[in-house]
Amino acid sequence: MRTVVFDLDGTLADTSADLLAAANVFFTDLGHGAVLDQRDALTAFQGGRAMLRLGYSRLGGRWSEGDIADAFPRFLDAYAQNIDTQTRLYPGAVDAIKAVLEAGFATAICTNKPEALAETLTQRLGIRGLFGALVGADTLAVRKPDPAPYLEALRRVGGDLRRSFLLGDTETDAKTARAAAVPVALVTFGPEGQGVRRLAPDALLHHFDALPALAAQLCG
């Protein structure tokens, strides 16, 4: 079956504000106040640990990866409490997903967000029922850019590897697709904008309205 596998953060939804707010809860609790802001959205889409590293670096002083490991559960707790306060789906996402489903495609999510948080967020956004499978950062023993999560998402929906592609927004997504030997399309409406061209994806998606045609092109 032809299949579109979607990244979540920065691809289906702009989650950056809630991610940054959760990191700032941690730094505020340490007595530093808000350290990150919306200009750090690209770092937010690289994950919680990346935001914590940036925050510690911005504060100066000594810190280690042990500090990041200790802080990460506290960040996740803060994020879980306000996971959809400011998060919004990108324009046209729902209609585009429905259109590819109506065209006979299977759909799945492959994200580096922990599975439970991804399940919660997609339920609250009202889109979980549009996807036949969701594979998160901790679903398997490995995460993107290892190809195994992509392949597992594909397996769960009965997809054909040769007639599938990954829609994402970061270098991690590009590397994942290449490791799985499938095409990758990157969105240009994320924080990096047209900068994703540097990753030489197989295609660019400028608006979700173009997804059905793109899926037909990449999946044959």
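Predicted model: local features only at pLDDT ≥ 70, side-chain atom pairs only at ≥ 80, totals over all residues.
You'll find G33 in the loop that links α1 to α2 (41–44).

What does G33 touch, once its neighbours within four places in sequence are set aside? The contacts are N24, F27 and T28. For a sense of distance, take F6: 27 residues separate G33 and F6 in sequence, and their C-alpha atoms sit 35 Å apart in space.

## α1 against α4

Now for the helix packing. Two packed helices are described by the angle between their axes and the distance between the axes. For helix α1 (residues 16–29) and helix α4 (residues 65–81), the angle is about 125 degrees and the axes are 8 Å apart. That makes α1 oblique to α4, and the crossing of the two is right-handed.

On the α1 side, the residues that meet α4 are D18, L19, A22, A23, V25, F26 and D29. Across from them, α4 brings A71, R74, F75, A78 and Y79. Sorted by class, this contact has nine nonpolar residues, three charged ones and no polar ones.

## α1 against α3

Helix α1 also packs on helix α3 (residues 48–59), here at an angle of about 50 degrees and with the axes 10 Å apart. Again α1 is oblique to its partner, this time α3, and the crossing is right-handed.

Which residues make this contact? From α1 come L19, L20, A23, F26 and F27, and from α3 come M51, L52, G55, Y56 and L59. By class, that gives nine nonpolar residues and one polar residue, with no charged residues. L19, A23 and F26 turn up in the contact with α4 as well as in the one with α3.

## The sheet

On to the strands. Six of them form an open sheet with parallel pairing, in the order β5-β4-β1-β6-β7-β8. The edges belong to β5 (133–135) and β8 (203–205), which have a single partner strand each, so one side of each has no neighbour in the sheet. On average, neighbouring strands here are turned by 25 degrees against each other, direction ignored.

Helix α7 (residues 148–157) lies across β1, β4, β5 and β6 (164–168). Relative to β5, α7 runs at about 165 degrees.

## A closer look at β1

Strand β1 (residues 3–6) pairs with strand β4 (residues 106–110) in the parallel sense, over four bridges. Within that pairing, T3 stands opposite A106, while V4 has T107 as its bridge partner. β1 pairs with β6 too, in the parallel sense and over four bridges, and there F6 stands opposite L167.

Where do the β1 side chains point? In a regular strand the side chains alternate between the two faces of the sheet. In β1, T3 and V5 point one way, V4 and F6 point the other way, and all are buried.

T170 lies in the loop between β6 and α8 (171–180). Is T170 buried or exposed? T170 is buried, because its relative accessible area is 12% and the cut-off for buried is under 20%. Leaving out neighbours within four places in sequence, T170 is in contact with F45, L186 and L199.

Methods
Residues numbered from 1 in each chain as written. Heavy atoms only, no water. Axes fitted to C-alpha atoms, helices over the stretch in contact; angles between N-to-C directions. Parallel < 35°, antiparallel > 145°, perpendicular 65-115°, else oblique. Left-handed = near helix turned anticlockwise from the far one by under 90°. Contact = heavy atoms within 4.5 Å. Nonpolar A, V, L, I, M, F, W, Y, C, P; charged D, E, K, R; others polar. Pairing = 2+ DSSP bridges. Buried < 20%, exposed > 50% of the residue type's maximum accessible area, 1.4 Å probe, protein only.
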